[in-house]
Amino acid sequence: MALPSQLSNAIDTLKDQARDAFWALSSCLCQQTPSVKINGRTFKIVKVLGEGGFSFVYLAQDDHNGRQFALKKIRCPTGREGVKEAMREVEAYRRFKHPNIIRILDSAVVQDPEGEGQIVYLFLPLYKRGNLQDAINANVVNGQHFPEQKMVRLFKGACEAVRAMHTYRPSPRSAALPPTGKQNGSASPSGAKPPRRNTAEHSNHSDDEDDDERLPQPDGDADGGYSYDGASVPLVTKKSVEEEGEVVFDGDEEAAEIAGSSSSGTGEIVPYAHRDLKPGNIMIADDDITPILMDFGSTVKARINVETRTQALVQQDIAAEQSTMAYRAPELFDVKTGHMLDEKVDIWSLGCTLYALAYSHSPFENTQTTEQGGSIAMAVLNAQYKHPESAYSQGLKSLIDAMLKVNPKDRPDIHQVIEMTDRVLQNLA
């Protein structure tokens, strides 16, 4: 029976969440400071920034220099398989290189000190202004709205990040690089990555496909460890170095240079879909004008042929688990056999995101669906939404409407969305 297994998983998840919540609370009440130790450096856990599913995000501070990071903690109670899934997110962070896409700084895998599973830690830049959902919430509290020009500029930056994913070209250098294995007793979590480039370059390539041989194994050299109340457990991580004031992977640049890698991907376009675009996954940089796309845990190769009913149900289950309902494309609610899922799922989510920026909620989170027992799924499948009265331009409303087409073939692609966005901006100038 599936029910007992699902119930057990749910109970385990609640236990994990309670443990993490107690961890954060105890650090405040008992003056205890949880910490993560990586490569001999200790990072204090200051507070919880967010949570979802099996993951928590913390504000972490380097004991050595006081720099702060966003530390994402992913629990993997299923062991190796869970770690492999979590490390696919790491690979996604490294794959897409673009000024509007968050960069991963480091990662580590540790044994769970309170369970049989493992934990994956991702070190990410800290954006103190929060995300677009935080800005929306502040607007609601203050009775304000985004100025249209600023809102559309933020939206365009998010679209630029999505275009980098939809037009990804694998680099041929991956085939020239040997698989990265254990060296000096340490397991390596991934293959070589390209030489560091100026972030102004709109390059969107990195390592190619997910290769299990490049994933970290749970038998590393115990370099560093997770510690709390004197307890310490081994971790597996690549050696980190301080470069340009940031924690980065070590050795990848040199390997790529030896292989004679080029600075741009030249292979055939292999589109990837983010699959969970929403205001909460778009950070705001410290300049208050640059959006930064994050959270690639749901990212997949965009084009998936669905040939059988079993495949359709699998895709529905994946979407239900990983894609936020109010921003999920209709074709992911009811996956059809004999059809191809593609990157147009992200176009729908972008339409929902722009609507939420304008009106402070998703088009399908309204009084009927949230307070009167209505179904968000049915509202999505029938594209049932309205534009509230506002001072926003007709061009903005038309842009939203163009993306919220039930049939993905009727939606514009990401290039057309950016062109339409530029026209809206020109009319606002």
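These legends walk you through several close-up views of a predicted model.

**View A. Strand 6 and how covered it is.** Let's start with strand 6, which spans residues 118-125. This strand is mostly covered, with eight of its eight residues buried. As background, side chains in a regular strand alternate between the two faces of the sheet.

**View B. Strand 4 beside strand 6.** Here strand 6 is shown with strand 4, made of residues 68-76. The two strands run antiparallel, and eight bridges join them. To find your place in this pairing, look for R75, which stands opposite I119 of strand 6.

**View C. Strand 5 beside strand 6.** Strand 6 also pairs with strand 5, residues 106-111. This pairing is again in the antiparallel sense, over six bridges. A handy landmark is V109, which stands opposite V120 in strand 6.

**View D. Helix 4 crossing helix 9.** Now we turn to two helices: helix 4 covers residues 148-166, and helix 9 covers residues 344-359. Their axes come within 11 Å and cross at roughly 165°. Because angles over 145 degrees count as roughly antiparallel, helix 4 is roughly antiparallel to helix 9. The crossing of these two helices is right-handed.

**View E. The contact between helix 4 and helix 9.** Zooming in on the side of helix 4, you will find M151, F155, C159, V162 and H166. They meet D346, I347, L350, L354, L357 and A358 of helix 9. Sorted by class, this contact between helix 4 and helix 9 has nine nonpolar residues, one polar residue and one charged residue.

How values were computed:
Residues are numbered from 1 along each chain as its sequence is written. This is a predicted model: local features need pLDDT of at least 70, side-chain atom pairs count only at pLDDT 80 or more; totals for chains, interfaces and linings use all residues. Side-chain values use heavy atoms; hydrogens and water are left out. Buried means under 20% relative accessible area, exposed over 50%, partly exposed in between (1.4 Å probe, protein chains only). Helices (H or I, at least four residues) and strands (E, at least two) are DSSP runs, numbered from the N terminus. Two strands pair if DSSP finds at least two bridges between them. Axes are lines fitted to C-alpha atoms, for helices over the stretch in contact, and angles run from 0 to 180 degrees between N-to-C directions. Angles under 35 degrees count as roughly parallel, over 145 as roughly antiparallel, 65 to 115 as roughly perpendicular and the rest as oblique. A crossing is left-handed if the near helix is turned anticlockwise from the far one by less than a right angle, and right-handed if clockwise. Contact means heavy atoms within 4.5 Å. Ala, Val, Leu, Ile, Met, Phe, Trp, Tyr, Cys and Pro count as nonpolar, Asp, Glu, Lys and Arg as charged, and the others, Gly among them, as polar.
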